[in-house]
Structures are given as structure tokens and as C-alpha cells.
Amino acid sequence: MARLRHFALNVRDPYKSAEFYKKVFGFEIVGEEVLDLGTGVFLSDGVVNLALLKLNGKTEEEWEKMIGSNHFGIQVDDIAEAEKAIEEAGGAFFFEFPGSGPGNAERKYKDPDGVVFDVSRYGWLGTDSRFEPEDE
């Protein structure tokens, strides 16, 4: 069975939000990325990865409308098999980050309603039951 292992939220300030979730729930900061696309701070409870995102190139007004859920991620045993099932059920490939790899691999799809989700073979930083590249 596939496993839910990742949730991403659009937030006003990823670092401030990370401190909130760390203080309130004891989540651990497991990583961060600063890319041309934006900034992400990643937390974990040891099972699920929570990404706190702030995308570049948006006005404050545009960003305010985007605050909240961004996407979720599912870990699967076989990417090709999952992609075939997604397409057969009416979903479609959306995009993949260039150079993505184990730890925060993100191959993005859309369900028939246009909801974005990630599929990963290796899981996300701080999650349980991650496959390591040498496990193949």
C-alpha cells in the first residue's frame, strides 16, 4: 500500500512558521531549500514530512490568496507502476523538479480535479519507511 508521507503548506514566513510548529508540537527541522522558485523549510514528526513554502514572484496580495494547502506526497514502491495507475484513473503528470533525488524527490501529478500531489520512491526527509537508493 502507498503511504502518505508529505504535506506542503504555503505560509507567509517559512522560518517563523517552522518555529511555531517546532515549539507547539515538538516537530524537528530536518532541512531547508532556497531555490529560484522559493524557500522551503521541512519539519518532521518522524513519520510525516511537513514542508512550509514561500514561492518567489508573487505579490503580497497574490500570496495572501494562496496561504494554506499546497500539495501532499505519497511514497510508492514503484514510480512507473504508480504513474500508469494515475494516468489510467484520469490523472496526469504535472512536472518534476530538475535534479530532484532521494530525500525530497518530487515528481508531481494532478488528479482529475487538478489537485497537485507528489509521488516518491524514496520518501521525504524525516519520514519513516524511506527507501535508500542502495536498497534497490
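**Close-ups of a predicted model**

View 1. Pro14, Ser17 and Ala18 are the buried residues to look for in α1. Looking down the axis of α1, you'd find its buried residues within an arc of 105°, so they line one face of the helix.

View 2. Phe20, Val24 and Phe25 together make a nonpolar surface patch of about 310 Å². Phe25 belongs to helix α1, which covers residues 14-25.

**View 3. The whole chain, for orientation.** There are three helices and eight strands in the protein, and along the sequence they come in the order β-α-β-β-β-α-β-α-β-β-β. Of the 136 residues, 37% are buried.

**View 4. Helix α3, inside and out.** Ala82, Glu83 and Ile86 are buried in helix α3, which takes in residues 79-88. They span an arc of only 100° around the axis, which puts them on the same side of α3. The face turned away from that buried side shows the exposed residues Ala80, Glu81, Lys84 and Glu88.

View 5. The whole structure has seven salt bridges, and one of them joins Arg107 to Glu83 at 3.1 Å, N to O. Arg107 sits in strand β7 (residues 107-110) and Glu83 in helix α3, so this pair ties together parts 24 residues apart in sequence. Glu83 counts as buried because its relative accessibility is 18%, under the 20% cut-off. Arg107, at a relative accessible area of 21%, is partly exposed. Arg107 also meets Glu96 in a salt bridge, at 2.6 Å, N to O. Here strand β7 is linked to strand β6 (residues 92-96), with the two partners 11 residues apart. Glu96 is partly exposed, at 37% relative accessibility.

**View 6. A buried pair between strands.** Lys108 and Asp118 form a salt bridge of 2.7 Å, N to O. Lys108 is in strand β7 and Asp118 in strand β8 (residues 116-120), so the pair ties together parts 10 residues apart in sequence. Both residues are buried. Back in the previous view, shared partners join Glu83, Glu96 and Arg107 into one salt-bridge network.

**View 7. Gln75 tucked away.** Gln75 is in strand β5 (residues 68-75) and is buried, with a relative accessible area of 0%. Its side chain reaches the backbone oxygen of Arg121 at 3.4 Å.

Methods. Residues numbered from 1 in each chain as written. Predicted model: local features only at pLDDT ≥ 70, side-chain atom pairs only at ≥ 80, totals over all residues. Heavy atoms only, no water. Patch = residues over 30% accessible without salt bridge, like charges linked within 9 Å, V, L, I, M, F, W, Y side chains within 5 Å. Areas by Shrake-Rupley, 256 points an atom, 1.4 Å probe, with all protein chains shown as cover. Salt bridge = Lys/Arg side-chain N within 4 Å of Asp/Glu carboxyl O. Helix = DSSP H or I, 4+ residues; strand = E, 2+ residues; numbered from the N terminus. Buried < 20%, exposed > 50% of the residue type's maximum accessible area, 1.4 Å probe, protein only. Polar contact = N/O pair within 3.5 Å; in protein donor to acceptor, adjacent residues only side chain to side chain. Arc of directions from axis to C-beta.
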